[in-house]
Amino acid sequence: MKPLRRLSAALLVLACLAPSVAQAGHVNVATISGSINPASADHLMKVISRSEADGAVAVLIELDTPGGLLSSTKDIIQAILNARVPVIVYVSPRGAWAASAGTFITMAGHIAAMAPGTSIGAAHPVAVAGGSTAPAEDEEGNAVRDFAAEKAENFTASFIESIAKERGRNAEWAVDAVRNSVAINQDEALEENVIDLVAESREDLLAKSHGREVQVSGSPVTLDLEGVTVVEIGMSRMNSLLDVLASPDIAVLLMLAGMLGIYVEFTNPGLIVPGAVGAVCLVLGFVALQILPFSWLGLFLLAGGLALFVAEIFFTSYGLLFATGVACFLMGGSMLFDMPEVNDLNVSFWSVLMPSVAGMSAFVGIVILAVTRSMAMPEITGTGELVGLTGEVRTGLDPNGMIFVRGEIWKARSDEALGEGDRVEVVGVDGLELQVRKAPARS
């Protein structure tokens, strides 16, 4: 009986401990470090959906982003606002920022938090080379209305205002972040009621969030985060690849590298490797263009720049075609993703576009110079190199006959009658017959 009693006691202890073990659930963590794009949006939506299905206590989004596509931001916001599980957005690590689209996502979280040394804001739509869409001025100093820019600004301002009101946060500051690109640090964000708390680390965040009450699908939920297990959920391989490609800087570099490879193959047929590498880069570049909204005008300018580089080899323009091609690459690269009404991303003009175009132009310039010089040099192989050589008539030319030149006997034709032994100069080649004339007398 004693063993049976001991077994019963052990089962009773386990039964008492079971509820406490079950209560210590898990938190699913998704990390976004980079632009907001279809790949990162798909990842976050899958994490939220998985968390709803596996009974996670909460979803933790660790965010560090310069911004992204408006459509992808909208998808993420919808997923967060309609989530049946609490979503905590944490701007981290130290030095991270929730700029532009990141501001929307942070303010949409059931709990919004930031690490020390982070910032949030600057949500105004951007334009060419990272500038703003502020109205331009005419020659008289009067403001010129840009209706596309106004549309983008008004829509994003209304969007972030509705998000802030839904979460009970500072809607006035949110609108100001869109219209005037206001940005603040974590302490100011806490003071302005933009976020709920400042946390030193993930553990500190979970501890400070424990016991807070949030509204999930219209119902109050008290967060029980004590002793939870943290589960990291990484991107799928495909999403990871698309996330890398969904960068304007990477996309432009791939396009330029692809065009350079095709150019080298075009000017030096048979090398194969440059053409193959260029083709792969162009394919990846076009994949990036399927992810990011782009301007056809910018793409045409890039293609036009390549065409002008090729034309420089065949037409004497004294560098004009080459310089125009460089300008086309710079303009096309800066305009390729300049669509502030749908995204706030653009190519880094000074740190990426300018150096890459300069390097490409220097390389192409060397190639053009080498090819041009080689085309200007006299032929040293084939029949063409016979022009200018002198030989001796072996059978009289009246007008046809045979001559000896370069150690060989050739058929020849002369406009004047020449006798055997006369010296002749080759002035042209017509198939296998040489055009000759009497050679000038030797001095």
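## Where α3 meets α4

In this predicted model, Thr73, Ile76, Ile77, Ile80 and Leu81 of α3 make contact (heavy atoms within 4.5 Å) with Ala101, Phe104, Ile105 and Ala108 of α4. Helices here are DSSP runs (H or I, at least four residues), strands likewise (E, at least two), numbered from the N terminus.

The axes of α3 (residues 70–81) and α4 (residues 101–108) come within 9 Å and cross at roughly 5 degrees. So α3 runs roughly parallel to α4, a label for angles under 35 degrees. Axes are lines fitted to C-alpha atoms over the stretch in contact, with angles from 0 to 180 degrees between N-to-C directions.

## Two buried strand residues

Glu425 sits in strand β17 (residues 423–430) and is buried at 16% relative accessible area; buried means under 20%, exposed over 50%, partly exposed in between (1.4 Å probe, protein chains only). Leaving out residues up to four places away in sequence, Glu425 touches Gly388, Leu389, Thr390, Gln435, Val436, Arg437, Ala439 and Pro440.

Over in strand β16 (residues 408–414) you'll find Trp410, also buried, with 12% relative accessibility. Its C-alpha atom is 7.7 Å from that of Leu432, 22 residues apart along the chain.

## Val244

Val244 belongs to helix α9 (residues 237–245) and counts as partly exposed, at 48% relative accessibility.

## How to read the numbers

Residues are numbered from 1 along each chain as its sequence is written. Local features need pLDDT of at least 70 and side-chain atom pairs pLDDT 80 or more, while totals for chains, interfaces and linings use all residues, and side-chain values use heavy atoms, leaving out hydrogens and water.

Definitions and conventions. Parallel < 35°, antiparallel > 145°, perpendicular 65-115°, else oblique.
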